[in-house]
Amino acid sequence: MPESTVGQFNPLHAAHAIESVQFSINFSKPISDESWTAVLSAAREFKDELPGEEAIQTFTPGLNLTIGAQPGGIVRKRVSADGTPEEEFVVTKTFLMYRTSRYTRWSACWAQAKKLMDRTLASISGGIELSAISLNVVDKFIWTGDAFGGETLARLIQRNSDYVSPHVFKRENFWHSHTGAFVKQDAYTRRLENVNLDHIEEDRAGDRRRTIAITVVLSDQFQQVGYEPFTDRVNGTSGVIDGHIQQLHVQNKQILANIISNDFATRIALNSATTT
C-alpha cells in the first residue's frame, strides 16, 4: 500500500542546502621550530575578522571531524550571538584547516580560506611538502511532517544512487549510510571518496526536527605506497593547492547530483551553469 505520509523536505537555506564547508591541507612533515613562531604570528594577524582565539594541544580534521593527538596550535574563530562557531581557522604544525557555516557562494568561500592559508603558508621558511588536500561539505535537508519511509524518501534521494545503501529505503525510522573508495588520480595522487548520509532527529533550542545530512569528504593524498613521491614545496595556495581544491569542488557537486533527486538538484541550482 502506498505511503500516506504528509510533509515535505526543504533545503537548509532558500538558495542552497550547505550547512558547512571545510578545507584542509596536511603536511608530510611538521613545520620546523624555526618557522613556527612566524606561523603563529601570521595567524594572529586575522584577529579583526576572526577575533576569538583558543590554544589547542590536540586536534586533527578527519572523517566526520574526529579528534586525535597533534602538536600544539591555535584556533582563530568568529562565533554567533549564541556562541556557535561561524568561521574557524585552525593552525597546527601538521595541518591548516578553515571551516565555515556561513556559506554563500563557492568563490567567496574559497577566497576567504585561500587568503588565510596564503598568509600563513608564506611565513614558512622554504615552503613545505604536502601529504593531503581535502574538502568536506555537509548538505542538509529538513523534513517537516510525519515519520516517513522509502517512498517518501525517494522524493529527495535517488533509489539508484551509487552512493546510498539500498537498505535505507526499507527503514521506517532513523538510519546511517556510508560508502567510500580510494581512487587513483595520477602517478602522485590517491583520492579518498567518503560519503555519509544520516537521517536523525535534531534538537534546536527545544525544537525537534528530522533531517537528512549528506557529508562528502574528498581528500587528495600524496606520499602513498605504490605512488610516485610528490616533492613540490608550496608557500601558497596558487597552483597545486588551488588546482586540487577546484577539482574536489567539481566532484563534490557531481556526487551530490548522483544522490539527490532532479527536482531538488534544480531547486538548489546544483546543475546551473551559474552555480559557483
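Is A269 buried, partly exposed or exposed? A269 is partly exposed, because its relative accessible area is 29%. Here buried means under 20% relative accessible area, exposed means over 50%, and partly exposed lies in between (1.4 Å probe, protein chains only). A269 sits in the segment after α5 (262-267). Helices (H or I, at least four residues) and strands (E, at least two) are DSSP runs, numbered from the N terminus. A269 has a positive phi of about 55 degrees, although it is not a glycine.

The model is predicted: local features need pLDDT of at least 70, side-chain atom pairs count only at pLDDT 80 or more, and totals for chains, interfaces and linings use all residues. Residues are numbered from 1 along each chain as its sequence is written, and side-chain values use heavy atoms, with hydrogens and water left out. The pLDDT is the predictor's confidence in each residue, from 0 to 100. Its mean over the protein chain is 90, and 91% of the residues reach 70 or more. Over residues 65-71, however, the pLDDT is below 50. Beyond near neighbours in sequence, this stretch has 22 contacts in the model. A contact means heavy atoms within 4.5 Å.

Q223 also has a positive phi, of about 60 degrees, and is not a glycine. Q223 is placed in the loop between β10 (207-221) and β11 (233-234). Its relative accessible area is 32%, so Q223 is partly exposed. Another loop, between β7 (128-145) and α3 (150-153), holds D146. D146 is partly exposed, because its relative accessible area is 43%. D146 and V183 are 37 residues apart in sequence. In space, 40 Å separates them, C-alpha to C-alpha.

H199 belongs to strand β9 (residues 190-204). With a relative accessible area of 1%, H199 is buried. Its side chain makes a polar contact of 3.3 Å with the side chain of R210. A polar contact is a pair of N or O atoms within 3.5 Å; within protein, one must be able to donate a hydrogen and the other to accept it, and residues adjacent in sequence count only if both atoms are side-chain atoms. The H199 side chain also reaches the backbone oxygen of N173, at 3.3 Å. Not counting residues up to four places away in sequence, H199 touches F148, N173, F174, W175, R210, T211 and I212.

The interior was examined next. In soluble globular proteins, nonpolar side chains tend to be buried together. A nonpolar core is a set of buried Ala, Val, Leu, Ile, Met, Phe, Trp, Tyr and Cys residues joined through side-chain atoms within 4.5 Å. The largest such core has 64 residues. Those with the most contacts inside it are F23, I157, I214, I259 and I260. A second, separate core of 5 residues includes I56, V75, V90 and M97.

Helix α1 (residues 33-44) has 12 residues. At 1.5 Å a residue, α1 should span 16 Å, and its end C-alpha atoms are 17 Å apart, which agrees. The expected span is 1.5 Å times one less than the number of residues. The buried residues of α1 are S35, W36, V39, L40, A42 and A43. These cover an arc of only 160 degrees around the axis, so they lie on the same side of α1. The arc is that of the directions from the helix axis to the C-beta atoms. On the other side of α1, E34 and T37 are exposed. The buried residues of α1 pack against β4 (73-79), β5 (85-92) and α2 (106-121).
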